[in-house]
Amino acid sequence: TAVWLQSELSAMASAAHWLADIRSLLGNIMRADALDIPLAVQEIAGLTADELHRLSHQPLKFLGHDHIVPDVALLNLLRASVRETEITAAKVFIGADYHVQKADLLQALNRLSSAVYVLMILCVRQNRHQGEWPSAEQLKQSIARGGTHAH
């Protein structure tokens with residue numbers, strides 16, 4: 001789905017950059033699982049896992065756009081696929097005794113879902129001409145100062 005979306009959204013260079021990083025993280029998760037090695041720290045579009053988490057949970061505060069009903073159908077398909085993968089991984093990596101194996105992979109899949117959600121909001125904003133596409137630095141500054149609507 002990520003490869004398909006990359007070609008569909010190729011005209012939006014900023015979205016394509018996000019999707020390239022998402023594809024890369026998906027590959028790194030599969031590699032870490034297959035080789036049974038820890039997943040290295042990953043970033044998507046220059047944003048850390050914590051930053052993506054904060055952006056996806058408080059989009060109005062940090063992105064100037066409230067939560068959305070998914071109207072970016074292809075991106076929503078990708079997010080649903082990531083969520084299905086996360087659920088399957090949880091079933092595999094969380095034992096009956098609730099011992100978690102490969103917590104790094106589970107967290108990476110969760111943050112990947114956050115990244116796709118943030119990308120969805122950014123695309124909706126772009127389609128509605130609600131400001132320019134923010135750089136990673138602008139997003140980091142918004143988080144650091146407490147949001148775009150912080151006083």
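Lys102 forms a salt bridge with Asp36, with 3.3 Å between the closest N and O atoms. Keep in mind that this is a predicted model. The pair ties together distant parts of the chain: Lys102 is in the loop between α5 and α6, Asp36 is in the loop between α2 and α3, and 66 residues separate them. Asp36 counts as exposed, at 57% relative accessibility, while Lys102 is partly exposed at 21%.

Asp33 is partly exposed, with 34% relative accessibility.

How many salt bridges does a search of the whole structure find? Four. One of them joins the side chains of Glu86 and Arg83, again at 2.7 Å, N to O. Glu86 and Arg83 are three residues apart in helix α5, so about one helical turn separates them. Glu86 is buried, at 14% relative accessible area, and Arg83 is partly exposed at 32%. As for shared partners, salt bridges join Asp33, Asp36 and Lys102 into one network.

Now α2 itself. This helix has 23 residues and spans 33 Å from first C-alpha to last, close to the 33 Å expected at 1.5 Å a residue. Its buried residues include Trp18, Ile22, Leu25 and Ile29, and also Asp21.

That brings us to the core. The largest nonpolar core has 40 residues, and those touching the most other members are Trp18, Ile22, Ile29, Ile44, Leu55, Leu112 and Leu119. Helices α2, α3, α4, α5, α6 and α7 each supply at least two residues. Which helix gives the largest share? That is α6, with 15 residues.

Take Trp18 as an example. Leaving out residues up to four places away in sequence, Trp18 touches Ile44, Ala45, Leu47, Leu52, Ala115, Val118, Leu119, Leu122, Trp133 and Leu139.

Last, α3. Its buried residues are Glu51, Leu52, Leu55 and Ser56. They lie on the same side of α3 because they cover an arc of only 125° around the axis. What covers them includes α2, α4, α6 and α7.

That's the end of my part.

Methods
Residues numbered from 1 in each chain as written. Predicted model: local features only at pLDDT ≥ 70, side-chain atom pairs only at ≥ 80, totals over all residues. Heavy atoms only, no water. Core = buried A, V, L, I, M, F, W, Y, C linked by side-chain atoms within 4.5 Å. Buried < 20%, exposed > 50% of the residue type's maximum accessible area, 1.4 Å probe, protein only. Helix = DSSP H or I, 4+ residues; strand = E, 2+ residues; numbered from the N terminus. Contact = heavy atoms within 4.5 Å. Arc of directions from axis to C-beta. Expected span 1.5 Å × (residues − 1).
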